[in-house]
Amino acid sequence: MPSKDLPRDVGGFIRDLRRNAQISLRQLAEQAGVSNPYLSQVERGLRKPSAEVLQQLASALRVSTPVMYLRAGLLEEKEGYGVLTAIAADSELTIAQKQSLSQIYETFRRENARHAEAEAETAKQAEAASEAAAQAARAADAAAAAAGRAAGGATEAPTGWPGDTEATPTPPAKSRPVVKKTAKKAVKKAAPRAAEEEN
């Protein structure tokens, strides 16, 4: 469609929406915040409305703003707007049906966008929780290793303790009685011999 026909197309679209809503030109002009003569020129294709005016008209007519932009040639048919264009261009649908379908479609898109954002936020929180758990586990491992080193240094047996067979001395308490008994026996044996020698 030639660009010169776009204002006329959107003007006719606005006029059809207005008539379907059963409101006068003056009422729509007041609700959209534009003058009555200006809106009349828009509907007749003599003036090309700005994006701001189109948004105000869409709000007043309870129609999707992207649909209004598409009819005015201000949007390309991408990111789902092709569906809205198809709805708007379907000659078998009434204006009311086009409005209803457009609103339902955009409601679904907004709902899906919210769900996607919520899922992304949940995944982000789960990742943060997983990282925090990993850090806590690493800190616990480090603390356990430090405790193990401290406990190992305190219980290490010094040289000469039981278990160290090379450096364990013979307890002197057990050897002294043996020495005393041996000395007494030697004295007893030596005493008779000394007496014989004297005789």
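How are H2 and H3 oriented to each other, roughly parallel or roughly perpendicular? In this predicted model, the axes of the two helices come within 9 Å and cross at roughly 110°. An angle of 65 to 115 degrees counts as roughly perpendicular, and H2 and H3 are therefore roughly perpendicular to each other.

At this crossing, Leu25, Arg26, Leu28 and Ala29 of H2 meet Asn36, Leu39, Ser40 and Glu43 of H3. The residues of the contact comprise four nonpolar, two polar and two charged.

Leu28 also belongs to the largest nonpolar core, which has 25 residues; Ile14, Leu28, Leu39, Leu57, Leu61 and Met68 touch the most other members. Two or more residues come from each of helices H1 (6-21), H2 (25-32), H3 (36-43), H4 (51-61) and H5 (65-72), with H4 giving the most, six residues. Beyond its neighbours within four places in sequence, Leu28 is in contact with Ile14, Arg18, Ile23, Leu39, Glu43, Leu57, Ala60 and Leu61.

Two of these partners, Arg18 and Glu43, form a salt bridge with each other, their closest N and O atoms being 2.7 Å apart. The pair links distant parts of the chain, for Arg18 lies in helix H1 and Glu43 in helix H3, 25 residues apart. Arg18 is buried, at a relative accessible area of 10%, and Glu43 is likewise buried, at 6%.

The structure holds two salt bridges. In the other, Arg138 pairs with Glu131, the closest N and O atoms being 3.5 Å apart. Here Arg138 is partly exposed, with a relative accessible area of 47%, and Glu131 is partly exposed at 41%.

Conventions
Residues numbered from 1 in each chain as written. Predicted model: local features only at pLDDT ≥ 70, side-chain atom pairs only at ≥ 80, totals over all residues. Heavy atoms only, no water. Core = buried A, V, L, I, M, F, W, Y, C linked by side-chain atoms within 4.5 Å. Buried < 20%, exposed > 50% of the residue type's maximum accessible area, 1.4 Å probe, protein only. Helix = DSSP H or I, 4+ residues; strand = E, 2+ residues; numbered from the N terminus. Contact = heavy atoms within 4.5 Å. Axes fitted to C-alpha atoms, helices over the stretch in contact; angles between N-to-C directions. Parallel < 35°, antiparallel > 145°, perpendicular 65-115°, else oblique. Nonpolar A, V, L, I, M, F, W, Y, C, P; charged D, E, K, R; others polar. Salt bridge = Lys/Arg side-chain N within 4 Å of Asp/Glu carboxyl O.
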